[in-house]
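Here is a short tour of one protein structure, written for someone who likes to know which residue touches which. Have the model open as you read along.

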Amino acid sequence: MFPLRESRSRTLGDVTGRALTLLQKRGRTAAFRAARMTGATVAAFLVAQLVGLHDPPPLIAALTALLVVQATLSGTLLSSLQRVLSVVSGVALAVVFVAVVGLTWWSLAALVAAAIVVGQLLRLGPHLVEVPISAMLVLGVGASGAESVGAGRVVETLIGAAVGVLVNVLFPPAVQTRYAVQAVQKFADEIAGLLYDAAAGLIAGPVTVDRSTRWLQDARRLNRHVPRVDRALTHAEESRRLNVRALGAPPMGMGMRAGLDALEYTSVSLRTLFRAIDDATRERTGIQDDAAYADTVRRTTASLLERMGNVVTEFNHSLVAQPRNRELAQERLTGSLVALRSGRALVEDVLLGDPRSRAGLWELNSALVTAVDRMLDEVGPPPGPTAESPAFRARDALQAAQRLRFHRRHPH
């Protein structure tokens with residue numbers, strides 16, 4: 001009893017320690033970002049006052065600096081350029097309208113429409129609305145003060161943009177490579193976890209409908225993670241551009257995005273596989289006719305799923321392996337691929353060649369073979385473009401069985 005209590009205490013302590021460490025890291029990141037944005041805002045306000053902008057208070061400069069300081073330096077430069085263009089365009093349009101027609105309801109409508117069109121032509125993105133806003137603010141002061149107000153707004157915008165860029169140069173944001181790699185790792189771990197869970201469930205005995213449905217739901221959820229992981233990789237790539245902190249940060253690796261693509265394609269094939277498993281579980285096809293064959297297919301499926309989980313695990317390790325460990329990680333990945341390919345070759349006759357497969361388990365068997373072939377194609381090199389290779393023989397057997405099945409369903 002005491003060892004059990006001690007084990008539970010250690011587990012609770014480990015979870016608490018990891019939670020505190022994560023909270024501290026996020027707290028430091030949040031504090032650094034708040035300090036950068038606050039410092040840029042105050043610095044822009046003070047610089048604008050130093051150049052003589054006191055009445056009204058130069059809040060435009062402070063606001064511009066706050067908006068310009070983005071998460072990445074390349075984003076800061078783009079945001080600065082877009083914001084300056086939006087303000088200058090709006091002020092120029094307003095000065096022209098004030099000089100020609102003045103402020104009326106129809107001139108306001110024409111000004112807003114023209115400002116929006118100009119913003120779209122300049123591709124100002126999220127700063128498009130700044131064009132009509134700047135134009136309306138200048139238009140409201142009338143012809144007498146339009147030029148001075150417009151010039152002041154342009155100067156404040158330039159000051160805020162310059163301060164925002166300078167703050168990001170002097171205090172660059174953190175490189176997001178580590179978080180992107182962790183996102184890919186988590187995605188791979190979820191795929192491998194699903195495969196291991198399904199393999200263990202199939203080995204334990206006949207699968208219930210509730211369990212097969214849960215596997216199918218988990219497989220469907222895998223694809224929903226792909227956009228989030230892709231955004232993490234894109235953000236990590238942008239965070240390294242023009243960032244001096246990237247010099248001391250390890251590169252993300254050329255194969256990380258290709259690895260994400262391979263995992264995505266694998267997850268798609270797994271969704272089809274678990275759909276077939278769920279259908280076979282609900283219909284109980286093949287069990288009434290030949291329970292022994294159905295049991296053989298169940299154990300075969302479990303064996304291949306476990307080997308597929310090993311491939312995903314080793315593939316995940318190879319993606320994040322350090323240069324000194326990369327060769328060992330590649331060897332382990334190659335070994336898991338060889339094991340999966342040999343396992344597929346051993347059960348090929350059971351899944352594709354056995355006539356009993358056409359009695360009701362054909363959909364499951366073909367989905368399983370397709371998922372294995374997809375993983376071998378995406379994660380590892382093909383076995384070789386020879387007519388005697390397992391891939392070619394399986395493809396021929398699959399096509400022949402499909403033709404036979406079609407003719408049986410649609411006799412002439």
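A residue counts as buried when its relative accessible area is under 20%. In this predicted model, aspartate 278 has a relative accessibility of 1%, so it is buried. Aspartate 278 belongs to helix α10.

What does the side chain of aspartate 278 make polar contacts with?

Leaving aside residues up to four places away in sequence, aspartate 278 touches Val209, Ser212, Thr213 and Leu216.

Now to the helix itself. Helix α10 (residues 256–283) and helix α11 (residues 291–320) have axes that come within 11 Å and cross at roughly 165°. Angles over 145 degrees count as roughly antiparallel, so α10 is roughly antiparallel to α11. The crossing of α10 past α11 is left-handed. On the α10 side, the contact is made by Met256, Gly259, Ala262, Leu263, Leu270, Leu273 and Ile277, and α11 brings Thr301, Leu305, Met308, Val312, Phe315, Leu319 and Val320. Sorted by class, this contact of α10 with α11 has 12 nonpolar residues, two polar ones and no charged ones.

One last stop is threonine 104, in the loop between α3 (73–100) and α4 (105–121). Is threonine 104 buried or partly exposed? Its relative accessible area is 28%, so threonine 104 is partly exposed. Threonine 104 and leucine 139 lie 35 residues apart in sequence, with 10.0 Å between their C-alpha atoms.

Definitions and conventions. Residues numbered from 1 in each chain as written. Predicted model: local features only at pLDDT ≥ 70, side-chain atom pairs only at ≥ 80, totals over all residues. Heavy atoms only, no water. Axes fitted to C-alpha atoms, helices over the stretch in contact; angles between N-to-C directions. Helix = DSSP H or I, 4+ residues; strand = E, 2+ residues; numbered from the N terminus. Parallel < 35°, antiparallel > 145°, perpendicular 65-115°, else oblique. Left-handed = near helix turned anticlockwise from the far one by under 90°. Contact = heavy atoms within 4.5 Å. Nonpolar A, V, L, I, M, F, W, Y, C, P; charged D, E, K, R; others polar. Buried < 20%, exposed > 50% of the residue type's maximum accessible area, 1.4 Å probe, protein only.
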